[in-house]
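Please read them with the structure open.

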Amino acid sequence: MTRILLIHHSPTESTRRIADAALSAAQIPELAELGDLELVEVAALEPDIDQVLSADAYVLGTTANFGYISGALKHFFDTVYDHVREPTAGRPFSYWIHGGYDTTGAEKAMEAITTGLGWSLAQQPVVWTGAVEEEHLEQVQEMTATVMAAAAD
Ligand SMILES: Cc1cc2nc3c(=O)[nH]c(=O)nc-3n(C[C@H](O)[C@H](O)[C@H](O)COP(=O)(O)O)c2cc1C
């Protein structure tokens with residue numbers, strides 16, 4: 001079994017739609033041909049070190065808040081970072097960031113933290129501000145599917 005964690009903080013109706021689009025990647029028929037892949041949803045406010053260690057890849061999702069990633073996802077990284085940094089280095093990941101007007105600080109933080117972890121970017125992140133449109137949901141689903149496929153390799 002290959003396990004991919006979907007670690008996110010999606011506190012509003014529109015961001016919940018983003019998380020659901022990511023989860024829907026697990027239903028893509030082509031992925032079934034790559035083996036036994038499991039996409040597990042994890043609330044960023046409920047970090048579990050062993051769960052991160054035993055996964056094969058990571059999809060991260062966050063809102064931009066106060067010029068940074070959400071406090072929830074920061075809490076996740078604060079809790080697991082030191083414990084998972086070496087054993088999970090090299091594992092595939094990607095992410096989305098949704099903001100209202102400026103995601104610069106959140107992007108910088110996400111890049112710095114995941115570089116520190118040594119994770120391997122499997123697909124260009126999906127980052128945008130404003131309305132959540134169908135095209136964004138499709139991009140998030142595709143990004144998630146690519147991370148899942150990378151984990152199966
Ligand atoms: C306390 C707070 C701080 C926020 N800070 C930022 C920010 O620094 N940059 C940004 O682009 N959006 C910011 N936002 C907007 C959120 O990113 C946005 O509300 C979130 O992605 C959910 O989108 P929605 O409101 O369209 O559902 C903030 C929102 C809140 C509630």
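At what angle do the axes of helix 4 and helix 5 cross, and within what distance do they come? Point 2 takes this up, after a word on the source.

1. The model is predicted. Please read every point below with that in mind.

2. Start with helix 4, residues 71–84, and helix 5, residues 104–117. Their axes cross at roughly 20 degrees and come within 11 Å. Angles under 35 degrees count as roughly parallel, so helix 4 and helix 5 are roughly parallel to each other. Their crossing is left-handed.

3. Which residues make this contact? Helix 4 supplies Leu73, Phe77, Tyr81 and Val84. Helix 5 supplies Met110, Ile113, Gly116 and Leu117. By class, seven residues of the contact of helix 4 with helix 5 are nonpolar, one is polar and none is charged.

4. Now take helix 1, residues 13–23, and helix 6, residues 134–152. Their axes come within 7 Å, with a crossing angle of roughly 40 degrees. Helix 1 and helix 6 are therefore oblique to each other. The crossing of helix 1 past helix 6 is right-handed.

5. On the helix 1 side, the contact residues are Arg17, Ile18, Ala21 and Ala22. Facing them in helix 6 are Leu137, Val140, Gln141 and Thr144. The contact of helix 1 with helix 6 has five nonpolar residues, two polar and one charged.

6. Next, the largest pocket. Its volume is about 190 Å³. The lining of the largest pocket has 15 residues. Nearest its centre lie Ala64, Asn65, Gly99, Gly100 and Tyr101.

7. Which elements give two or more residues to the lining of the largest pocket? They are strand 3 (57–65), strand 5 (92–99) and helix 5. Strand 3 gives the largest share, three residues.

8. Is the lining of the largest pocket mostly polar or nonpolar? Of its residues, 10 are polar, four are nonpolar and one is charged.

Notes. Residues are numbered from 1 along each chain as its sequence is written. This is a predicted model: local features need pLDDT of at least 70, side-chain atom pairs count only at pLDDT 80 or more; totals for chains, interfaces and linings use all residues. Side-chain values use heavy atoms; hydrogens and water are left out. Axes are lines fitted to C-alpha atoms, for helices over the stretch in contact, and angles run from 0 to 180 degrees between N-to-C directions. Helices (H or I, at least four residues) and strands (E, at least two) are DSSP runs, numbered from the N terminus. Angles under 35 degrees count as roughly parallel, over 145 as roughly antiparallel, 65 to 115 as roughly perpendicular and the rest as oblique. A crossing is left-handed if the near helix is turned anticlockwise from the far one by less than a right angle, and right-handed if clockwise. Contact means heavy atoms within 4.5 Å. Ala, Val, Leu, Ile, Met, Phe, Trp, Tyr, Cys and Pro count as nonpolar, Asp, Glu, Lys and Arg as charged, and the others, Gly among them, as polar. On a 1 Å grid over the protein atoms alone, a cavity is a set of points where a 1.4 Å probe fits but cannot get out, and a pocket is an open set with protein on both sides within 12 Å along at least five of seven lines; lining residues have an atom within 4 Å of a point. Grid points are joined across faces, edges and corners, and a volume is the space filled by probe spheres set on the points.
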